[in-house]
Amino acid sequence: MAYTRIHAVKATVQKALKYICNPEKTDGQILIDSFACGIETAHYDFMDALSKSSGVGDKQAFHLIQSFALREVDFDTAHQVGIELADKLLENKYSYVIATHIDKEHCHNHIIFCAVDNVEHKKYNDCKRTYRHIRNLSDELCREHGLSVIIPAGQKGKSHYEWQMAKEGTSWKAQMKYDMDNAIREAHSYEDFISWMQTKGYEVKGETFGDNALKYLSFCALGQSRFTRVSERNFGVGYTKEAIRERIEKCVMTQENFPVKKKFPFPKRLDAKRTLIDTD
């Protein structure tokens, strides 16, 4: 079975592409493919397609994640299913890059595709109807490849995936905290932090500030049926959206005031025997 999630990519397309194409996550970039664009030049190819359309808005691409159950599928099959999903969904109109990550127990596909097609230069319509279409296509492909299909979880109780995670002894909160800490270190701003979490596969809620904004920031990982609130009660001190923003600002200031110095190797010492030969 496979879980799917999609979100828009606005100002961080190049960073998102770099993340999904990480050699350490893709078996040395073996499990990467693309359509109607180069893997190394995808960002520029996307920008070219976007320039041919009007009224696109701030959505430059979409990031679709397809995550499989623990140890149900091998990496090559997962990659093939991802390619078939992208081809059926995008109908050979949109440029895309697909990467299969193998750095976790459950392999998962990242598909980043341009927000505008190459044929009619129309923008992709991201809505509940198109998301249901993605889910149906993914389920059909899972059946064709002999994989199980998800039975949607209700509002109460645990989904099968959550139950399996608990059985394996894996903590949602521990993994989420680890991902948040990494994103805080990598981010250049609070907005960049949110983009990093989305790239890692999390659905986000309550990320904005202001009088009408939700009090708490919440994340929902792939396979979770409910959001997890980011609060001091759940994660400890330093885990509210205000505290996270402050931590990022401090990290950025530290990097600006104390830039990382380049390390140069010490000159190699000449071998004693070599020195004697040279002096003779």
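Asparagine 22 has a relative accessibility of 23%, so it counts as partly exposed. Asparagine 22 sits in the loop that runs between helix 1 (13–20) and strand 2 (32–35). From the C-alpha atom of asparagine 22 to that of histidine 101 the separation is 8.7 Å, with the two residues 79 apart along the chain. Keep in mind that this is a predicted model.

Next, alanine 183. Buried or exposed, at 0% relative accessibility? Alanine 183 is buried, because the cut-off for that class is under 20%. Helix 6, residues 172–186, is where alanine 183 is placed. Its C-alpha atom and that of serine 195 are 9.0 Å from each other, and twelve residues separate the pair along the chain.

Now the charges. Which residues form the positive surface patch? They are Lys173, Lys205, Lys215, Arg229 and Arg233. Of these I will take up arginine 233, which lies in helix 8, residues 232–235. Arginine 233 has 81% relative accessibility and therefore counts as exposed, since exposed means over 50%.

Last, the cysteines. Cysteine 107 is at 2% relative accessibility, so this residue counts as buried. Cysteine 251, by contrast, has a relative accessible area of 26% and is partly exposed. How many disulfides does the count come to? Zero, taking a disulfide as a pair of cysteine sulfur atoms within 2.5 Å.

Definitions and conventions. Residues are numbered from 1 along each chain as its sequence is written. This is a predicted model: local features need pLDDT of at least 70, side-chain atom pairs count only at pLDDT 80 or more; totals for chains, interfaces and linings use all residues. Side-chain values use heavy atoms; hydrogens and water are left out. Patches are made of residues with over 30% relative accessible area and no salt bridge: like charges are joined within 9 Å, nonpolar side chains (Val, Leu, Ile, Met, Phe, Trp, Tyr) within 5 Å. Accessible areas come from the Shrake-Rupley method with a 1.4 Å probe; for residues, only the protein chains shown count as cover. A salt bridge is a side-chain nitrogen of Lys or Arg within 4 Å of a carboxyl oxygen of Asp or Glu. Lys and Arg count as positive and Asp and Glu as negative; His and the chain ends are not counted. The place of a charge is taken as NZ of Lys, CZ of Arg, CG of Asp or CD of Glu. Helices (H or I, at least four residues) and strands (E, at least two) are DSSP runs, numbered from the N terminus. Buried means under 20% relative accessible area, exposed over 50%, partly exposed in between (1.4 Å probe, protein chains only).
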